Amino acid sequence: MGIRNTFFVTFLTTFLVLILAASGFYYFSFQRSLDQYLDERQQAQVERLAEHLAVAYAQNGGWAFLVQNPRLLSRLYWLAGERDRETSPDEIGKKKAKEHDHHQPLGLLGPNKRPLLGPPAPRNLSKEVPIHVNGQLVGWLTYPDQEAIRDKLDRRFQARQLRFAGWMALVGLGLSLLVSWLLARHLVGPISALTRHTRRLREGDYESRLKSRRRDELGELIRHVDSLGQRLDQGRRARQRWFSDIAHELRTPLSVLQGELEALVDGIRPTTPESITALEGEVRQLTHLVNDLHDLALADAGNLRYHFTTLDLDALCEDALDAVRPILARRRVAVHTELAAAHLQGDPVRLRQLLDNLLQNSLKYTDPDGELRLTLDSEPGTGESTYWRLTLDDSAPGVPDDALPRLFDHLFRVESSRNRETGGAGLGLAICQRIVEAHGGTITADHSSLGGLRVTVRLPRGD
């Protein structure tokens, strides 16, 4: 059974149980309240009749007037409170006398409880009201309780109530069918739409959206699925852009190599050490690009190997700076360092690759006569954890605001002053991000106070 039918049967069963319970409670509650009301009304009316009989007894000096005219009891009963504005007293008396012969048999007993008028009622199903005249007991008025005088009228009234409860149940059943169907449709409709939407996502249609306005859990699920489709669409576009960028990056050195080799083969360029050196430089650049792509692919797949050991990050920074000091000197870039003694658990090879990529990035994108500042200090973290904070600032040119969040994307380059002619393939910072994340740290980019770029790396101390 499908989820729609399951919801429908569940809702319908629940509504039916509630309707039957409510109808039964209404019927029994009404019946009990009605019986109690009739009992109280009859008792009050009989008590008033007893007062009228006491007055009549005092006026006639005994019960002979009532024994000689038994129908007078019904007329007095009518005078005690049961009146019909549309019927005359005589007709009421005849009607009540006839009814009392079958429905409301009243009895009159003497002071010694000997029957004077009316049929005797069973003692266990009758009630007695005393009649006093000037403080003296002159008789008893008896009447049966409601259980003793159930008749056709009562049964007809009960039947009407049962029919009314039955109609209520039928109407409730119809409403339950309608509401159950609407609720099942309301709940299952979004699920069916989600099923069709996920099928389209599985088939590669990442551009379709549901765009639900629901504010419940199903609406939240639909928004999450739409967000998933958006991410998948972005991933597909990024993958296409990635392949296109890789092909573009590989095409450039290969085209140069092909042109140089064709010139050598055709004799346009002589085979000299200088031409061989130029070819070697293109091969070296191509090899570096392929190695970076390989490292980045391994890092994205989680297969880049790390060998963690205790190391001195400040010493590693000094070694990386020493390797680029000759280039810095040729470009007349001033270097300022402030390195605190930092010990942590990490992979020295990968961390050295991180530092080399950061320094090479600054070298490529810093104008001559610029400035470079490297700072290493401790930064408190959340709770008891602390971090080593490595900050690399360089001077102009800077990075536009919209380019800062994308600096760590694959093959991304700023196409203004930090362009392709002076920059690399746009893989260095992406590899840096993978290395930092593998060490449990973070890397961010911001504007530098020196006018260029600031890269901040935070690595857990692990003390």
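The questions and answers below concern a predicted model.

Student: Why is the pair of Tyr-57 and Trp-63 called tilted?

Tutor: Two rings count as a pair if their centres lie within 6.5 Å, and planes under 30 degrees apart are stacked, over 60 edge-to-face, and the rest tilted. The centres of Tyr-57 and Trp-63 are 4.7 Å apart and their planes stand at 50°, so the pair is tilted.

Student: What makes the pair of Trp-63 and Phe-65 stacked?

Tutor: The angle between the planes of Trp-63 and Phe-65 is 25°, and the limit for stacking is under 30 degrees. The centre-to-centre distance of this pair is 6.5 Å.

Student: Why is strand β4 described as largely enclosed by the rest of the structure?

Tutor: Strand β4 covers residues 136-144, and seven of its nine residues are buried, so the description applies. Strand β1, residues 107-109, runs antiparallel to β4 and is joined to it by three bridges. Within β4, Trp-140 is the bridge partner of Leu-109.

Student: What makes Lys-113 a charge over the ring of Trp-140?

Tutor: The distance limit from the ring centre is 6 Å, and the charge must also be within 35 degrees of the ring normal. Lys-113 lies over the face of Trp-140, at 4.6 Å from the ring centre. The charged end of Arg-461 is likewise placed over a ring, that of Trp-388, at 4.2 Å from its centre.

Student: What kind of residues line the largest cavity, by class?

Tutor: The lining has six nonpolar residues, no polar and no charged ones. The lining residues are Leu-355, Leu-358, Leu-359, Leu-374, Leu-390 and Leu-392, and Leu is counted as nonpolar. The most comes from α9, with three residues. The structure holds one cavity of 30 Å³ or more, and the space in the largest cavity is about 30 Å³.

Student: Why is Pro-405 called exposed?

Tutor: The relative accessibility of Pro-405 is 63%, and the limit for exposed is over 50%, so Pro-405 counts as exposed. Pro-405 is located in the loop between β9 and α10. Between Pro-405 and Thr-444 there are 8.6 Å in space, C-alpha to C-alpha, and the two are 39 residues apart in sequence.

Student: Which residues of helix α10 are buried?

Tutor: In helix α10, residues 428-438, the buried residues are Leu-429, Ala-430, Ile-431, Cys-432, Arg-434, Ile-435 and Val-436. After α10 comes Gly-440, which has a positive phi near 80°.

How values were computed: Residues numbered from 1 in each chain as written. Predicted model: local features only at pLDDT ≥ 70, side-chain atom pairs only at ≥ 80, totals over all residues. Heavy atoms only, no water. 1 Å grid on protein atoms, 1.4 Å probe; cavity = no way out; pocket = protein on both sides within 12 Å on 5 of 7 lines; lining within 4 Å. Points joined across faces, edges and corners; volume = space filled by probe spheres on them. Helix = DSSP H or I, 4+ residues; strand = E, 2+ residues; numbered from the N terminus. Phe/Tyr/Trp six-rings, centres within 6.5 Å; stacked < 30°, edge-to-face > 60°. Buried < 20%, exposed > 50% of the residue type's maximum accessible area, 1.4 Å probe, protein only. Pairing = 2+ DSSP bridges.
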